[in-house]
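Biologist: I am new to reading protein structures. Could you take me through one, step by step?

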Amino acid sequence: MSDERVLVVPRAAVPDGADWYGVRLAGVVAFLDVVAREGRFLDREAMERDRAFKQVIPYLVLRDGPRYFLMRRTRAGGDARLHDRWSIGVGGHLNPGDADVFGGLRREWREELDAAFEPGFQPIALLNDDTTEVGAVHIGIIVVADAAGRPVRVRETDKLDGLFAEPAEVRAVAERLETWSALVFEALESGALAGMPTGATR
């Protein structure tokens, strides 16, 4: 049995009590301050079943110009709910050893991707979906970055496949995209998140 502890906030600390669906532009920086003030590390196994809390997940969308870094989760991954699903988001749970949200994101970057650089990370929106079992206990902080032509590969090739893909290639697997990825992709492609800077770090 895992004894992993993950960063959570009370549902009431999420803007409007997390009573909304999709991508929310307003309040992302303020929410980062809430996480720093009210976040706590609790047992992950318990948190996966407790909707009174939201596990905080930095969700990085890595781009190279118009292309997205598109990944497929293989059946070797630990969460069977995500097997054979596609994703444009890199990220994961935050643990006690992470200095803050961005410290955890940098750790995830090093663990999940093989790249000779670390991009700037820019938080642009919040992400919520209480309609799924996974989404109901997580809150996403959408972060964008640009590879700027530099090569990137997945590190855990037994668990993930990944490459930069044109928007049309992402749309071709739309039915198998993880819910969060589908929401972010549509927001970016529709222009709802257009014009956001991708090179700055908070």
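Modeller: We begin with the whole protein and then turn to a single residue. This is a predicted model, in which local features need pLDDT of at least 70, side-chain atom pairs count only at pLDDT 80 or more, and totals for chains, interfaces and linings use all residues. Residues are numbered from 1 along each chain as its sequence is written, and side-chain values use heavy atoms, with hydrogens and water left out.

Biologist: How many helices and strands does the protein have?

Modeller: Helices (H or I, at least four residues) and strands (E, at least two) are DSSP runs, numbered from the N terminus. Here there are five helices and twelve strands.

Biologist: What share of the residues counts as buried?

Modeller: Buried means under 20% relative accessible area, exposed over 50%, and partly exposed in between (1.4 Å probe, protein chains only). Of the 202 residues, 50% count as buried.

Biologist: Which residues does D98 touch?

Modeller: Contact means heavy atoms within 4.5 Å. Leaving aside residues up to four places away in sequence, D98 touches H93, G103, G104 and R107.

Biologist: And what polar contact does the side chain of D98 make with another side chain?

Modeller: A polar contact is a pair of N or O atoms within 3.5 Å; within protein, one must be able to donate a hydrogen and the other to accept it, and residues adjacent in sequence count only if both atoms are side-chain atoms. The partner is the side chain of R107, at 2.7 Å. The side chain of D98 also reaches the backbone nitrogen of N95 at 2.7 Å.
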